Amino acid sequence: MARKPHPSARKSGNGRAPAPGLGARVRSLNRAAHSFKQQVRTTASDFGEALDVRRRVRRHPYAMVAAALGVGYVLGGGLFSRTTVRLLGVAGRVASLPLLRGELIGLAEAMLSGSGESEDGPTGKHPASDVPSPS
Amino acid sequence: MDGQTLQQTLKEQQARLEEGLEEARDELSDLNERVIDVIKRRPGTCLLIALAAGFLIGRMASR
């Protein structure tokens with residue numbers, strides 16, 4: 001006696017072609033996941049090569065660590081905080097120190113040279129001006 | 001304490017201080033080289049640790 005096939009094997013409930021089985025779906029999902037994984041791996045590798053992090057770290061180790069620290073700080077939400085304002089203030093003052101020092105040294109040199117000239121007096125001749133030039 | 005003795009003591013102190021400073025400089029230089037070596041050997045780990053540390057500091061600063 002031949003078994004009658006189940007109606008759902010020929011047609012689905014809505015009259016369309018029969019849906020693929022569960023195993024086929026799982027295989028398809030597995031293939032898609034595998035492909036996605038490969039793509040992510042390739043993209044990460046390309047990104048790493050483009051940035052060339054290893055060589056940069058070898059050349060500037062402290063700078064790269066500081067950059068990572070800064071990125072983490074921003075990601076942690078510390079950018080718009082009072083601590084950042086204070087840090088920026090301190091950094092600005094430290095950065096302006098060499099400039100101020102240069103200005104002060106220039107001012108002191110100008111004052112010293114000015115006092116040296118005033119010792120000769122306003123009508124005082126420069127000693128070298130009395131010597132006739134050799135030419 | 002006469003002037004000569006004072007001068008001698010000051011010279012000794014200066015020599016001792018210079019020696020200490022030199023030692024401290026050598027130790028700092030050694031530490032610097034070791035840190036750079038670790039960063040160069042494990043760049044990914046170091047960067048991740050720095051990133052995590054920055055994240056934590058940023059999180060604390062934002063509160």
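**Stop one: a leucine to start from**

Click on B:L56, which sits in helix α2 of chain B; helices here are DSSP runs of H or I with at least four residues, numbered from the N terminus. A quick word on ground rules: this is a predicted model, where local features need pLDDT of at least 70 and side-chain atom pairs count only at pLDDT 80 or more, while totals for chains, interfaces and linings use all residues. Residues are numbered from 1 along each chain as its sequence is written, chains are lettered from A and ligands numbered from 1 in the order in which they are written, and side-chain values use heavy atoms, with hydrogens and water left out.

**Stop two: the patch around it**

(Patch members have over 30% relative accessible area and no salt bridge, and nonpolar side chains are joined within 5 Å; areas are Shrake-Rupley with a 1.4 Å probe.) Which helix gives the most to the patch? That's α2(B), with four residues.

**Stop three: where the chains meet**

Select both sides of the interface: 19 residues of chain A are in contact (heavy atoms within 4.5 Å) with 17 residues of chain B. On chain A's side, colour α3 (53–59) and α4 (61–75), the elements that give two or more residues each. The largest share, ten residues, comes from α4(A).
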